[in-house]
Amino acid sequence: MAKSWTMNQPPSQSQTIPTPRRLLARVRDVMAGSGNPEERLNETVAIIAADAVAEVCSIYVLRAGEVLELFATEGLSPDAVHNTRLRVGEGLIGLIAAQARPMAFDDAPSHPDFVFREETGEEKYQSLMGVPIMRGGRVIGVIAVQNKTSRQYTEEEIETLQTVAMVVAELVSSGDLIARNEQLPADGNALLPLRIAGVGLNSGIGIGTAVSHHHEFHITNLVADDIEAEQERLRQAVKEMHGALDDLLDSTDINGAGEHRDILESYRMIAEDAGWFSRIDEAITTGLTAEAAVQKVQNEIRARMSQITDPYLRERIHDLDDLAGRLLQHLLGESTMAPDFPETGTVILIARNMGPAQLLDYDRSRLGGLVLEEGSATAHVTIVARALDIPVVGQVRDVLDKIETGDPVIVDGRNGQVFLRPGEEVQQRFQASLKNREKQLASYAQLRDLPAVTTDGVDIGLFINAGLLIDLPHIHETAADGVGLYRTEVPFMVRSDFPNVDDQTALYTKVIEQADGKPVTFRTLDIGGDKMLSYVGDSNEENPAMGWRAIRVSLDRPIMLRQQLRALIRAMAGRELRVMFPMIAEVYEFQQARKLLDKELERAKEREEAFPDVVKVGVMIEVPSLLLQLPQLLNRVDFISLGSNDLCQFLFAADRGNPQISERYDPLSPAILSLFSSLARQCDEAGVPFSLCGEMAASPLDAMALIGAGLRNLSMAPNAIGPVKAMVRSLSVEDLTGYMQTLYASPKHSLRGILHAFAKDHGVAV
Ligand code: PEP
Ligand code: MG
């Protein structure tokens, strides 16, 4: 039989390339055979070298400390075995491991990364081709072949070696060759307590047992006996997966939540991607079983993921990774993809990253926290976790390597830190604050049906900020007065394409129906900045917060804004439409936006479509220049909402997303509070309702100061309603207002300390 690889040149077109199945079957037999693991590796390298017509075949295994050690070789000096070691990134073998992808070099010694190890005797070899041995998306070794001549390795040869690496991975990861815990990085000592800093993505404390989200399927049958039968199994599994996705789409609880449906639908679209399937199908033709072929493609996807920084692409690749997992589940006949939870107790989910729909796969009542190696404040999973009130810490480097399922973990979302295997004292400290928090929550629940009225009889409107449909039940749980800020961009962010007018109408209708008669203020799209939509341009701005965002995008893409307004008009037919525009910098800009709204209202009238009973139009004050046109503005708007997050960042010229300066300026400063007080007075005089929907409304002390400055309506995250209401019910506005007036002229950096002392002295619950 002709050799599959020739020595000096790639096979010619007329030469048929025998399938690598024979090689694969032989390697499988060796792997499954008797003999100690090292003997089996030795046999394997000999078989590969012969089949590949290579003078050398070597297997390197990753050991503790990110070191690749030569474990078996055919062709290099036997003395080099267990002596030759390369760090990941060192030499061509280290480069293949670092980049987690196959590489071929026809002139290896001239490559800048080449390092020569005398003990190997490899100076006589000119060409080298290597592939990573991967397991669960991580590199655990490298297989390489070398030739004396300058040889161009073909795609087929590289593919074949990759397929063989799948089989070898079984042995390497089995723990027979080196202990499993040695495959962890050096600082991943599984026994020591460890605190790892990350970024707090949702505050709150979670204490529980670690469960890795990444369910590793154990594939025992890697080599196909009958290719066609495997292809049929793949087709069948795909059909089942589509059926299961359809069921998920039809299930009642997902039906209630539009965004989740969108996400699942976009999964389905990806699931139907023909390119993805043909890659799996091709892997089967090289001799792998359907499940091994899916895992091979999944390995490649994960390796690609580690090299891509574009957040949108990462999300998409991540979806593919998730789908591969779902497909494996069907192929292996496993009932669920979610890992097993311990029988009782709270679970802290640990993941590299995850899709928002995946989070919903879990039993919410058991989830105490989420720890992500990746993750960002605007990632879809974070948005959903926030809506579910699950503490999240993201960007926790290598946490999956450092933790084992079953380890105790504490997630401190507020301070962006995670404690692995915490000591007794740390556990007690966090248990105490968790208990305190539970007690407080119970006391807030008792306030639910009591009015938010101060001790001197001033009514304070408390509203929630929302962005997902799953936020809306909070209106009723907290007995809030309505939604003060509905961030319409959030549902847009969890989709892969722009929703049309009908989709948007359906969504806004659901929002208003769920509000059940309480008012909802819809903010038009605030995209741009860190909330870029993949399907609306791609701006690489140096200063995105001050760039092409919010109303600027909407006015430049008037069709987009008009469609949104049309949907809002339709959804609010027979009701009150409350709409506000974000990031307005000048009255003229408001007028432009208002004109588009008027056009849509006229259009609806002309077509005799059902119409809102009342239309109220407002602006967010977020850009300081608008403050200089207040009289002209107040003549034209029905209400004003202060976006203190953006307004403060622009007033102080301090990036709100930069942790280095996040504490530098305090919104409870004389400058900000006196400004708000003057705004409140002018709005009152003009008879224009005035509220605030930035983060500061969520802190009882800050909310107290805002009320002292004259605000009577505050909109905040739903979990802040209880604490703020408790504060309101213990406050005398008259005392506070008078006191604050004496503070506005103060040259102090912050009034926080003084206001805190006031609250303490006057028994205000802050
Ligand atoms: C704000 O800027 O205060 C605000 C509420 O808008 P966002 O946080 O969505 O930018
Ligand atoms: Mg804003």
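At the start of helix 2, a side-chain oxygen of N36 comes to within 3.0 Å of the backbone nitrogen of E38. Such a polar contact is a pair of N or O atoms within 3.5 Å; within protein, one must be able to donate a hydrogen and the other to accept it, and residues adjacent in sequence count only if both atoms are side-chain atoms. Helices (H or I, at least four residues) and strands (E, at least two) are DSSP runs, numbered from the N terminus.

This is a predicted model, in which local features need pLDDT of at least 70 and side-chain atom pairs count only at pLDDT 80 or more, while totals for chains, interfaces and linings use all residues. Residues are numbered from 1 along each chain as its sequence is written, chains are lettered from A and ligands numbered from 1 in the order in which they are written, and side-chain values use heavy atoms, with hydrogens and water left out.

Helix 2 spans residues 37-52, 16 residues in total, and reaches 22 Å from its first C-alpha to its last, close to the expected 22 Å; the expected span is 1.5 Å times one less than the number of residues. Its buried residues are P37, R40, L41, T44, V45, I47, I48, A49, D51 and A52. Here buried means under 20% relative accessible area, exposed over 50%, and partly exposed in between (1.4 Å probe, protein chains only). The cover over these buried residues includes helix 1 (21-32), strand 1 (56-63), strand 2 (67-74), strand 6 (138-147) and helix 4 (155-173). Just after helix 2, V53 adopts a positive phi of about 50°.

The view now widens to the whole chain. Its secondary structure comes to 27 helices and 22 strands, and buried residues make up 54% of its 766 residues. Of the contacts (heavy atoms within 4.5 Å) with a separation of 6 or more, 67% join residues 24 or more positions apart. The chain exposes about 32400 Å², of which carbon and sulfur atoms supply 48%; accessible areas come from the Shrake-Rupley method with a 1.4 Å probe, and for residues only the protein chains shown count as cover.

Two buried positions deserve attention. T289 lies in the loop between helix 8 (274-285) and helix 9 (290-305), and it counts as buried because its relative accessibility is 0%. A polar atom of the T289 side chain lies 2.7 Å from the backbone oxygen of N221. Leaving aside residues up to four places away in sequence, T289 touches N221, L222, V223, A224, E230 and I284. K296 is placed in helix 9 and counts as buried because its relative accessibility is 4%. With the same exclusion, residues up to four places away in sequence, K296 touches E159, Q162, T163, M166, A283 and L288.
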